[in-house]
Amino acid sequence: MAYLDGDASGTDAGSDQADLLTSGDVARLLGVASATLKRWTDAGRIPCVRTAGGHRRFLRSDVERLRVRLGARGDALARWVDGLLQDRDAALAGALLLERERRGSWNAVAEALGPVLSEVGRRWADGEWCVLEEHAASERLSRALARTAESLAVRLEAPRLLLATAEGDEHTLGLSLVELCARERGWRALWAGRATSAEEVARAVERGEVEAVALSASRASRPESLERELRVIAPACGARGVPFVLGGSGPWPSPPSPGKLERTFPGLEAWMKSIEARRGRAANREGVAG
């Protein structure tokens, strides 16, 4: 999600030098690494000027505007993440529904929850949360997403989407969000989840049990494992013409047709729409032939 939308046109090299800050000053004020600040500057998210020696300088007013935006986002993110540790499942479900009403679709909610999942992982990795807290937060959100998805109606003629993590990958929250997006479109989600082998996924495709497959991998997955999985699943999908999508933050290789690598929820929605359109064209052809 793009949440740093600073205007890169506001700084004047002739500004009062007292109002210009060094990169180190700005990084400390914003609470980010110098490398992060460099990326934001290169992307035009915060303007800067250059000294005669080529060093970056930042106008204090630009830094303050960015700090306000980051603070607003950080407060909202912290409320979401901290709420996952509270034993109030009904409140969490209500918060999800409010987000749906505010954003207009579960797809948009899923995209907005991406930073929440990342923050949960960061707190565990940095030692702010113990394993028990990370598991409790993830499980609470997973249950809330599952209950919400189950409340959505399914169309009888809708595609059947098989959901599975990569072999050995234990992270299923991304798949829970995919299921929610699929159910909003009336699709039937077949939950394989974790601990499902590539061979089992391929057999389900070969038996004609599904019309599409979504596979998720986290950074914990090894590249060679994902390459092997793709060698098993891709031929089965290709032989049956079953589209599949690879998602998550894992190091997936580029998939052959009919596969697609998609790491955003808007992209996932476009993928599902393309499948619906193709199925609609096929049904029309059958109707004309009949």
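Reply: Three strands make up an open sheet in the order β1-β3-β2, and their pairing is antiparallel. Strands (E, at least two residues) and helices (H or I, at least four) are DSSP runs numbered from the N terminus, and two strands pair if DSSP finds at least two bridges between them. The model is predicted, so local features need pLDDT of at least 70 and side-chain atom pairs count only at pLDDT 80 or more, while totals for chains, interfaces and linings use all residues. Residues are numbered from 1 along each chain as its sequence is written, and side-chain values use heavy atoms, with hydrogens and water left out.

The edge strands of the sheet are β1 (20-22) and β2 (49-50), each of which pairs on one side only. Strand β3 (residues 56-59) runs antiparallel to β1 and is joined to β1 by 3 bridges. Threonine 22 stands opposite arginine 57 in β3. Helix α1 (residues 23-30) lies across β1 and β3, at about 85° to β1. For that angle, axes are lines fitted to C-alpha atoms, for helices over the stretch in contact (heavy atoms within 4.5 Å), and angles run from 0 to 180 degrees between N-to-C directions.

Next comes helix α2 (residues 34-42), whose buried residues are Thr36, Leu37, Trp40 and Thr41. Seen down the axis of α2, these fall within an arc of 135°, so they line one face of the helix. The arc is that of the directions from the helix axis to the C-beta atoms. Buried means under 20% relative accessible area, exposed over 50%, and partly exposed in between (1.4 Å probe, protein chains only). An α-helix has 3.6 residues a turn, so residues three or four places apart point the same way. After α2 comes glycine 44, with a positive phi near 80°.

Elsewhere, a nonpolar core is a set of buried Ala, Val, Leu, Ile, Met, Phe, Trp, Tyr and Cys residues joined through side-chain atoms within 4.5 Å. The largest has 37 residues, of which Leu113, Leu145, Leu161, Leu268 and Trp271 touch the most other members. Helix α7 gives the most to this core, with 7 residues. Leaving aside neighbours within four places in sequence, leucine 268 is in contact with Val178, Cys181, Val245 and Glu262.

Two backbone details remain. Alanine 195 has a positive phi of about 65° although it is not a glycine. The peptide bond from serine 257 to proline 258 is cis, with omega near 10°. Most residues other than glycine have a negative phi, and most peptide bonds are trans.
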